[in-house]
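Please read it with the sequence and the coordinates open beside you.

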Amino acid sequence: MTQNVLSCASFISALSAEELLNNFAQQMGAWRHCLYFLSNTRNEYVMMYSLTVFENLVNKMWLGVASQDKMEIRSCLPKLLLAQHKALPFFIRNKLCKVIVDIGRQDWPMFYHDFFTNTLQLIQSPTMASLGLVLLKTTSEEMACPREDLSVARKDELRKLLLEQVPTVLGLLTGILETIWDKHSVTAATPPPSPTSGESGENLLGSLLQGTHYSKLLSQPIPALDDDSQQLCSLALECLAHLFSWIPLSTSITPSLLASIFHFARFGCDLRMGGSGQVDRSRLGVLAMTCINELVSKNCVPLDFEEYLLRMFQQTFFLLQRLTRENNAHTVKSRLQELDESYVEKFTDFLRLFVSVHLRRIESNAQFPVVEFLALLFKYTFNQPTHEGYFACLDIWSIFLDYLTTKIKSRLADRDGVLNRYKDALVLLLREVLNRIQFRYNQAQLEELDDETLDDDQQTEWQRYLRQSLEVVVKVMELLPSHAFATLFPVLQEDLDVYLGLQQFIVTSGTSRRLNITAENDCRRLHCALRDLSSLLQAVGRLAGYFIGDVFAARFNDALAVVERLVEVTCYGSQISLYDLETAVPSVLKPDLIDVHAQSLAALQAYSHWLAQFYSEVQRQNQSRFISLVTSTMDATAPLITAKVPEKLLLSACHLMVSMATTVRPVFLVTLPAVQNIFNLITESQTRRLPQEAHMLVCRALSNMLLLPWSNLPESEQQWQTRSSSHASLLAALTRHYRLLRGTANQPPHRLGLEDTVLHQTLPVLRDIVDSISGESTKSRQICYQSLQESVQVSLGLFPVFIQQPDVTDEMLSFFLTLFQGLRVQMGVPFTGQIIHTFLSMFTREQLAASILQEGSAGCRVVEKFLKILQVVVQEPGQAFKPFLPSIIALCMEQVYPIVAERSSPDVKAEMFELLYQVLHHNWRYFFKTSVLASVQRGSAEEAMENEAQFSAAMQAFGQSFLQPDIHIFKQNLSYLESLNSKHKLYHRKLFRTSMLFHFINVLLQVLLHKSHDLLQEEIALAVYNMASVDFDAFYSAFMPEFLNGCQGVDANQRAVLGRNFKLERDLPSFTQSVHRLVNDLRYYRLCNSSLPTGTVKL
């Protein structure tokens, strides 16, 4: 063993040694030798190996062990444990305990009746208590939620047996905790004497708020525990934590037990001891909080337990007071900093569970002071020593604010009463969260936040901090809109004054412009003010939604003040182009100035819905104020739309322009000089091109100005003719170079370098333009297609030229896909047919194979886009595209499917199966001529079926996909079959019922047996039920016997038991339970049978 484990031997001899050991372990009598080894060796490797042999014997071969041998093993191993447990290393002792518990799992109570009583006796023996607790914890772990190496009946029996023992066990654990606490409290008592000595458990729990006994008791010094007591308490609390994870809440969890747990929870709050003792004491606190959290996480609270719950919360309230108490020696923050980090985490978890699960229960109880609780939570939140701790507390406030919002919406009559109760807390919360995001109040902490590295959500630590803080601000705004606005707007004004005052410090010399602020202190103050302004602008932008809709008129003046201020700021920024200034600290101040300018544009963009509502209100009145706001906005935006402006600022300007064109839609927008300048910039070919994303956004905005209908105006006033010709000229200019490619259609592909670039620049822009109007009126789409027509024909002509270049083909197919999704009606049937025909002829089997076999490449994306286009085609109602169905199905089943069927990669499969599903769902009558009603009325015998071979091939493909490992394809396809059944009664169709149904059920049951797709257990069981329910009689009388007969690895007797246990139920819950039971027990029998040596007699 030593040679093998320490790798002193060569690889080959290690392998042969391992084989020898495995063979030895499989022999029935091996356990006798192992028992001898355990009794006579001190070599840890030999002991561990011997215990593994026993574990294998008990869990896999126990059925075949003679009863005499079982008795001997049941007798010897516990004796060995009792005799040697002190001398054994911990991990050997724990393994031996597990083997004994495994025997109990198999034989208790029938053949091992004293298993549990032995454990209880050990717990009650002073010298053996810790060993008893290890056995108890292992019993809870292995028996309450056992693995699948037991039958369902045995699992249920064990759970029932354990639940009967719970009151006794909890009583013993309470005794251990109380005894140790009392013993050490008494011995450690210094005047004033500890009141614990004469109090009974019930009195101790007198309500925290009604009497002082309890608070006095909890204020007593925490006793100093010796190492053995500390170890024993740790084990007891670990046992409780595991027990609480599965036992239901009941009166077995007594007040005295809860009181004991809370005593130990105080160990985490205590700062008096240093060194390693402190760590051990903190661990007791962490374990106690784990127990409390297990209880609090249960949502189902019996009536008789609610009072206990209230007491628990009162006790935790006391702990929270203790944690947030200030004294001369410690601020709250330094207290929390010195505590064990895990303890603070557990405490925060408790608070989150309390607020999310139980606040609604406790809030109305007069004995629980919710407002005072919130005051303590406030102190706890804003004194967190770590950012993560602060985020976790902000989450708790978010949950509370959501709860309050829901409550107010459901109790409109009592709205003011509820709000007034919490108003002070909300006001404080809002002010403090706002302070925390401002450098002027919180610079040291904010400077620590990383603003460069992106996390999984693509945001930096600073962005996450700001986002989570603003979530809370917005939620308070929803509850107290006018107050929140009155708090936020003046703070914004202060920082704006600093920003707007920068103009006086600009010094111009020659062509350069410099910001004349150079003193280090001034630069730092300016940096802080600009960072704060940027954050507050984001906050103001987030509030935009609370000024529109029903409250538009009531909050009009506030919103107008914000919008006018934002327009002023954006105009100012653009006029004096702050982004272009030279500064004393360019690496800091320049990004700050750019960010403020970009955020002011983004905040103004957030008010575009308010501007749209303002526009509709003043449509027939004096529009001067509205016109002035829009004109100034465009004057601020236009100068920024140039390649010389930093991209962050350029994109903010482009997004604002898109919102003005798409959301606000003023009639006069196109005629503004600023907008005319942008038209000229985009359509003149000699100007330097904008970066691609900005170019796309500007083109979308210009196109939408001309295409989108103006709100609140009749059709006759929409000026479609003028707008149509303007749109045609715009697109003619945008596609000028692209349309010239028509002449290259006959050139060899390798000569097309420049053309490639033009294509990659133009098609995404056209795609974006089509995409943005795809949901709009017919007229908009008509004009769009007229302007695009020539480019579409050029694209179709170029397609065959580029078929061998997947990246170009990908771009072209993306464009065609968008056309099919948005403009297929406008393109008309003949031209659409021509496109499909071209595609079908280009994608030969060889071309498809070449594309698909480049895994994860542009080639695969090309085929996926092509299949997506076909999905759009087959979903089209009416007869226009029906003639393409046979060739689409043939392409799917004869060309694509054979290539992807055996490949493990999911590329192309998902789209191909979706296409098959859409073919079946939208063209059901291509296969089944009669309606569902008609087939029911005539009886299924006369069901007319067409294209049967294609239908069968599609079903076979679905069935085959269930045998493959990819869980996403499995889930998708199972949902497709279920959908076809709910919409078209697929499982009831004669062909499916007679020749496919049992095959599908069989495959799904085999998947459950192999546990290859365990995440989908519920979905698979539901599908099996839906299939079986087509004809339960046939399922029970024909399928089940046939399925069981075909099951390998079980004997006739076991098959009979499996059959009997599958109850003839017809409701979903019972049926599902039977399926899971069948799967569990079949796996269990196979496991037992496969581990027995051949020829074993099973007893």
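1. Leaving aside its neighbours within four places in sequence, Phe-400 is in contact with Val-355, Leu-359, Leu-374, Tyr-422 and Leu-426.

2. Please keep the basis of these values in mind: this is a predicted model, in which local features need pLDDT of at least 70 and side-chain atom pairs count only at pLDDT 80 or more, while totals for chains, interfaces and linings use all residues. Residues are numbered from 1 along each chain as its sequence is written, and side-chain values use heavy atoms, with hydrogens and water left out.

3. A nonpolar core is a set of buried Ala, Val, Leu, Ile, Met, Phe, Trp, Tyr and Cys residues joined through side-chain atoms within 4.5 Å; buried means under 20% relative accessible area, exposed over 50%, and partly exposed in between, with a 1.4 Å probe and protein chains only. Helices (H or I, at least four residues) and strands (E, at least two) are DSSP runs, numbered from the N terminus.

4. Val-357 lies in helix α17 (residues 341–362) and is buried, because its relative accessible area is 13%. Val-357 and Ser-297 are 60 residues apart in sequence, yet their C-alpha atoms are 7.2 Å apart in space. With neighbours within four places in sequence set aside, Val-357 is in contact with Val-296, Lys-298 and Asn-299.

5. For the aromatic rings, Phe, Tyr and Trp (its six-membered ring) pair if their centres lie within 6.5 Å, and planes under 30 degrees apart count as stacked, over 60 as edge-to-face and the rest as tilted. The count by this rule comes to 65 aromatic pairs. One of them is the tilted pair of Phe-439 and Trp-462, at 5.9 Å centre to centre with 55° between the planes. This pair links distant parts of the chain, with Phe-439 in helix α21 (residues 439–448) and Trp-462 in helix α22 (residues 461–479), 23 residues apart. Both Phe-439 and Trp-462 are buried.

6. The rings of Phe-485 and Phe-489 have centres 5.1 Å apart and planes at 15°, so this pair is stacked. Both residues lie in helix α23 (residues 481–500), 4 residues apart, which is about one turn of the helix. Phe-485 is buried at a relative accessible area of 9%, and Phe-489 is buried at 11%.

7. Trp-462 returns in another setting, for the charged end of Arg-531 sits over its ring, 4.9 Å from the centre. The charged end of Arg-723 likewise sits over the ring of Trp-710, 3.9 Å from its centre. The rule asks that NZ of Lys or CZ of Arg be within 6 Å of the ring centre and within 35 degrees of the ring normal.

8. Strand β1 (residues 506–509) and strand β2 (residues 512–515) run antiparallel and are joined by 4 bridges, where pairing requires that DSSP find at least two bridges between two strands. Thr-508 stands opposite Arg-513 in β2. The two strands form a hairpin with 2 residues between them, and Gly-510 in the turn has a positive phi of about 65°.

Terms used
Contact means heavy atoms within 4.5 Å.
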